[in-house]
Amino acid sequence: MSFIDRQLRKCGKLVSIQSRAIKPLSISSVDMSLTFTEKYAVKALVRTPRGSVLFDGAGTDQPITHIFTIKYQSGITSEDWIIYDFRRFDILDVENCSECNKIIVMRCQEKGTKEASKA
């Protein structure tokens, strides 16, 4: 059993990785809505970085509030979201550690509760 397997078994928290899609407008509605679909339910190690950590992925600085580490799952991108402890996290960056397809590190920004983040 690898080190990451032992840590996930001992300290891992259950998280949901979800994809987001814009629901098309209906005839009687003028508001677009978002739908979230679960891709994976996995255990993750959760860290909250100390100090000020910024990620510049699209030309603007975005604070990283949480870092999630999971066993490798294919198809996770920065377009996905994480649900943890009834809160929603926007994935800013996905790193496949050493390109070994064993561990993924996701740097995220907290967006609030499930309902608040839909606004």
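Let me begin with a term: rings of Phe, Tyr and Trp, the last taken as its six-membered ring, pair if their centres lie within 6.5 Å, and planes under 30 degrees apart count as stacked, over 60 as edge-to-face and the rest as tilted. By that rule, ring pairs link Phe68, Tyr84 and Phe89 into a cluster.

Two sentences on the ground rules. This is a predicted model, in which local features need pLDDT of at least 70 and side-chain atom pairs count only at pLDDT 80 or more, while totals for chains, interfaces and linings use all residues. Residues are numbered from 1 along each chain as its sequence is written, and side-chain values use heavy atoms, with hydrogens and water left out.

Now the aromatic pairs. Searching the whole structure gives four of them. One joins Phe36 and Trp81: the ring centres are 5.9 Å apart and the planes are at 80 degrees, so this pair is edge-to-face. Phe36 belongs to strand β2 (residues 33-47) and Trp81 to strand β6 (residues 81-84), so the pair ties together parts that are 45 residues apart in sequence. Strands here are DSSP runs of E with at least two residues, numbered from the N terminus; helices would be H or I runs of at least four. Phe36 counts as buried at 18% relative accessibility, and Trp81 counts as buried at 6%. Buried means under 20% relative accessible area, exposed means over 50%, and partly exposed is in between, with a 1.4 Å probe and protein chains only.

Another aromatic pair is Phe68 with Tyr84, also edge-to-face, at 6.0 Å centre to centre and 80 degrees between the planes. Phe68 is in strand β5 (residues 66-71) and Tyr84 in strand β6, so this pair ties together parts that are 16 residues apart in sequence. Phe68 and Tyr84 are buried.

Back to Phe36. What sits over its ring? The charged end of Arg88 does, 3.7 Å from the ring centre. The criterion is NZ of Lys or CZ of Arg within 6 Å of the ring centre and within 35 degrees of the ring normal.

The side chains of Gln18 and Arg88 make a polar contact at 3.1 Å. That term covers a pair of N or O atoms within 3.5 Å; within protein, one must be able to donate a hydrogen and the other to accept it, and residues adjacent in sequence count only if both atoms are side-chain atoms. Gln18 is buried, with a relative accessible area of 12%. Neighbours within four places in sequence aside, the residues in contact with Gln18 (heavy atoms within 4.5 Å) include Phe36, Trp81 and Arg88.

Next, the core. A nonpolar core is a set of buried Ala, Val, Leu, Ile, Met, Phe, Trp, Tyr and Cys residues joined through side-chain atoms within 4.5 Å. The largest one has 14 residues, of which Phe68, Ile70, Ile82 and Met106 touch the most other members. Two or more residues each come from β1, β2, β5, β6, β7 and β8. The most come from β8, with three.

Asp85, in the loop between β6 and β7 (87-96), has a positive phi near 55 degrees and is not a glycine. Asp85 is partly exposed at 47% relative accessible area. Glu99, in the loop between β7 and β8 (103-113), has a positive phi of about 55 degrees and is not a glycine either. Glu99 counts as exposed, at 64% relative accessibility.
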